Amino acid sequence: MSKLKKRLREDGLLVCRKCLKKQRGDADVGDVDLYDWLRQQATEEALPISKCKCLDLCPDDGVALAMGGRFTGKKPLHVAKNGDEPQRVMRWLDARIK
């Protein structure tokens, strides 16, 4: 897949780049960066993942996530708060995918 197609991809999990930068190490899962952890989980589920521009949720203590394209359902937006258990994000992802 070309870089342009990856950048324009709307299906899959979108992670707010601004939130990731703002939270830095606060949103890590164990010793792994949140984005890297999400990418590992998404690979297991065969779910495309990419960083995107600001989603305009701007939580003070978390990272905004969105499901795009064919995965969009009743609750396409989610905030992964700092200190949340990873299973909470996975439950949200599983509900959107299936």
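Student: Before the sheet, what makes two strands count as paired?
Tutor: Two strands pair if DSSP finds at least two bridges between them. Keep in mind that this is a predicted model.

Student: Okay. How many strands form the sheet, and in what order?
Tutor: Four strands form an open sheet, ordered S2-S1-S3-S4, with mixed pairing. Strand S2 (49-52) and strand S4 (77-81) are the edge strands, and each pairs on one side only. From one strand to the next, the twist averages 30°.

Student: How do S1 and S2 run, parallel or antiparallel?
Tutor: Strand S1 (residues 12-16) and S2 run parallel, and four bridges join them. Val 15 stands opposite Lys 51 in S2.

Student: Which ring does Lys 51 lie over?
Tutor: Lys 51 lies over the face of Tyr 35, at 4.7 Å from the ring centre.

Student: And how many aromatic pairs are there?
Tutor: The count of aromatic pairs comes to zero.

Student: New topic. What does helix H3 lie across?
Tutor: Helix H3 (residues 34-44) lies across S1, S2, strand S3 (62-68) and S4. The helix runs at about 150° to S2.

Student: Where is Leu 77 found?
Tutor: Leu 77 is in strand S4.

Student: Why is Leu 77 called partly exposed?
Tutor: Because its relative accessible area is 43%, and partly exposed covers values between the 20% limit for buried and the 50% limit for exposed.

Student: Which residues is Leu 77 in contact with?
Tutor: Leaving aside neighbours within four places in sequence, Leu 77 is in contact with Leu 57, Leu 65, Ala 66 and Trp 92. The C-alpha atoms of Leu 77 and Ala 66 are separated by 4.5 Å, though these residues are eleven apart along the chain.

Note on methods
Residues numbered from 1 in each chain as written. Predicted model: local features only at pLDDT ≥ 70, side-chain atom pairs only at ≥ 80, totals over all residues. Heavy atoms only, no water. Phe/Tyr/Trp six-rings, centres within 6.5 Å; stacked < 30°, edge-to-face > 60°. Lys NZ or Arg CZ within 6 Å of the ring centre and 35° of its normal. Helix = DSSP H or I, 4+ residues; strand = E, 2+ residues; numbered from the N terminus. Axes fitted to C-alpha atoms, helices over the stretch in contact; angles between N-to-C directions. Contact = heavy atoms within 4.5 Å. Buried < 20%, exposed > 50% of the residue type's maximum accessible area, 1.4 Å probe, protein only.
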